[in-house]
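Have the viewer open while you read.

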Amino acid sequence: MIYTISMVTENKPGVLNRITGLLTKRKINIENLNAYETKKPGVSQITLTGDINPEVIDTLVKQMDKIIEIINIKYHVAHR
């Protein structure tokens, strides 16, 4: 199933690497990725879309949420 995961993060080196590392461990392919700094200095918005097994999405998002720099995270089924 295709999910979109949206995160607000601190804009620090290595954050995107830690996020994509979790996806790599689970062999999840990223179909789309956007990352940009918000109007608030030092804060970024990262949105990614991937084909993720519904049985692991909750666990994956909980693992991502443990990344210290992630301020807020949410996900939903992507509409095509």
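Helix H1 (residues 15-25) lies across S1, S2, S3 and S4, at about 20° to S3. Contact here means heavy atoms within 4.5 Å. Helices (H or I, at least four residues) and strands (E, at least two) are DSSP runs, numbered from the N terminus. Axes are lines fitted to C-alpha atoms, for helices over the stretch in contact, with angles from 0 to 180 degrees between N-to-C directions.

| Helix | Lies across | Angle |
|---|---|---|
| H1 (residues 15-25) | S1, S2, S3 and S4 | about 20° to S3 |
| H2 (residues 57-65) | S1 and S4 | about 165° to S4 |

It's a predicted model, with local features needing pLDDT of at least 70, side-chain atom pairs 80 or more, and totals for chains, interfaces and linings using all residues. Residues count from 1 along each chain as its sequence is written, and side-chain values use heavy atoms, leaving out hydrogens and water.

Now the sheet: it's open, with four antiparallel-paired strands in the order S2-S3-S1-S4. Strands S2 (30-37) and S4 (70-77) sit at the edges with a single partner each, so one side of each has no neighbour in the sheet. Pairing takes at least two DSSP bridges; S1 (residues 2-10) and S3 (residues 43-51) have nine.

Which aromatic pair turns up in the whole structure? Tyrosine 3 and tyrosine 75, edge-to-face at 5.9 Å centre to centre and 70° between planes. (Ring centres of Phe, Tyr and Trp, its six-membered ring, must lie within 6.5 Å; under 30 degrees is stacked, over 60 edge-to-face, the rest tilted.)
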